[in-house]
Amino acid sequence: MQDNEKNPVVKFKVITIFPEFFKPMLEFGIFSRAYKKGLIGFETIDLRDFATDNYRSIDDEPYGGGSGMVFKPVPLGKAIKKAKSEKKTKVVYLTPSGKLFNSDLAKELAKEKDLVFICGRYEGIDQRIVDLYVDYEVSIGDYVISGGEPAAMIVIDAIARQVEGVVKEMDSVVKDSFYDGLLDYPHYTRPETYNGLRVPAVLLSGDHKRIELWREKMKLVETLTKRPDLLERARLTETQKKLLKEIKEQLRKLT
Ligand code: SAM
């Protein structure tokens with residue numbers, strides 16, 4: 001899959017043994033639109049093209065024995081050198097041992113111009129590649145999946161959303177969960193009543209100030225009840241602190 005040859009804000013390059021995996025990203029949804037507009041660049045690099053034997057082999061048995069195979073350093077090193085077109089290029093290895101990916105890391109990586117992602121398979125990649133070339137080791141969660149490709153898709157999509165213009169209205173990105181450290185408020189659409197459940201009256205009031213306040217409050221309620229750990233780290237505004245105090249008092253009275 002080749003780059004779209006425009007002048008994108010961020011360029012993503014993915015080293016993989018399964019380039020086809022990424023085709024749907026360029027065909028559907030927000031990412032595909034941004035790619036076609038030239039806002040983001042995307043390219044896959046087939047690791048097997050850098051194999052040094054006729055079998056196009058890119059993996060070998062681990063030194064010291066044991067199960068599974070490991071990506072060999074020679075083809076992978078060559079692929080990385082080819083992908084690093086700029087001095088400032090940053091290399092990301094998707095790995096369960098990496099830093100847990102979150103909104104802050106997505107924002108940080110969205111400031112880069114050129115990002116190379118390494119998708120591992122089997123037992124992973126030769127450690128010397130990590131030591132020599134990798135700038136960020138990133139994990140999508142405390143579990144193991146079979147390959148770095150789905151992880152790369154998640155991370156790339158989340159980074160792309162932070163690039164101005166990728167999501168039509170930046171306002172909706174800023175209001176997404178985690179952007180300000182809190183979860184999103186609940187959303188409703190037509191009909192007003194569904195299976196006996198009514199839309200909260202305030203959302204039908206047309207009073208925008210009250211609606212904003214309700215949404216602000218619901219973000220805090222959602223976070224407090226579902227992810228209280230986030231509240232410990234969130235930098236709350238004075239209004240949010242006041243609202244949170246009120247919510248906690250109301251909850252205390254109910255129990
Ligand atoms: N032996 C490795 C370990 O226990 O950490 C797991 C290797 S995993 C089967 C194969 C590849 O999938 C990894 O090299 C990595 O690229 C990717 N992968 C698996 N889980 C991941 C996660 N939680 N986050 C990011 N990448 C992951």
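Student: Which domains does the domain assignment of the chain give?
Tutor: The model is predicted, so local features need pLDDT of at least 70, side-chain atom pairs count only at pLDDT 80 or more, and totals for chains, interfaces and linings use all residues. Residues are numbered from 1 along each chain as its sequence is written, and side-chain values use heavy atoms, without hydrogens and water. Domain bounds come from an automatic or database domain assignment. That assignment gives domain 1 (10-160) and domain 2 (193-254).

Student: How are the rings of Phe71 and Tyr122 arranged?
Tutor: Rings of Phe, Tyr and Trp (its six-membered ring) pair if their centres lie within 6.5 Å; planes under 30 degrees apart are stacked, over 60 edge-to-face and the rest tilted. The centres of Phe71 and Tyr122 are 5.8 Å apart and their planes stand at 75°, so this pair is edge-to-face.

Student: Is Tyr122 buried, partly exposed or exposed?
Tutor: Buried means under 20% relative accessible area, exposed over 50%, and partly exposed in between (1.4 Å probe, protein chains only). Phe71 has a relative accessible area of 1% and is buried. Tyr122 has 41% relative accessibility and therefore counts as partly exposed.

Student: Which ring does the charged end of Lys107 sit over?
Tutor: A charge sits over a ring if NZ of Lys or CZ of Arg is within 6 Å of the ring centre and within 35 degrees of the ring normal. The charged end of Lys107 lies 4.0 Å from the centre of the ring in question, that of Tyr179.

Student: Which residues do ring pairs link into a cluster?
Tutor: Both Phe22 and Phe42 are buried. The cluster linked by ring pairs consists of Phe12, Phe21, Phe22, Phe31, Phe42 and Phe117.
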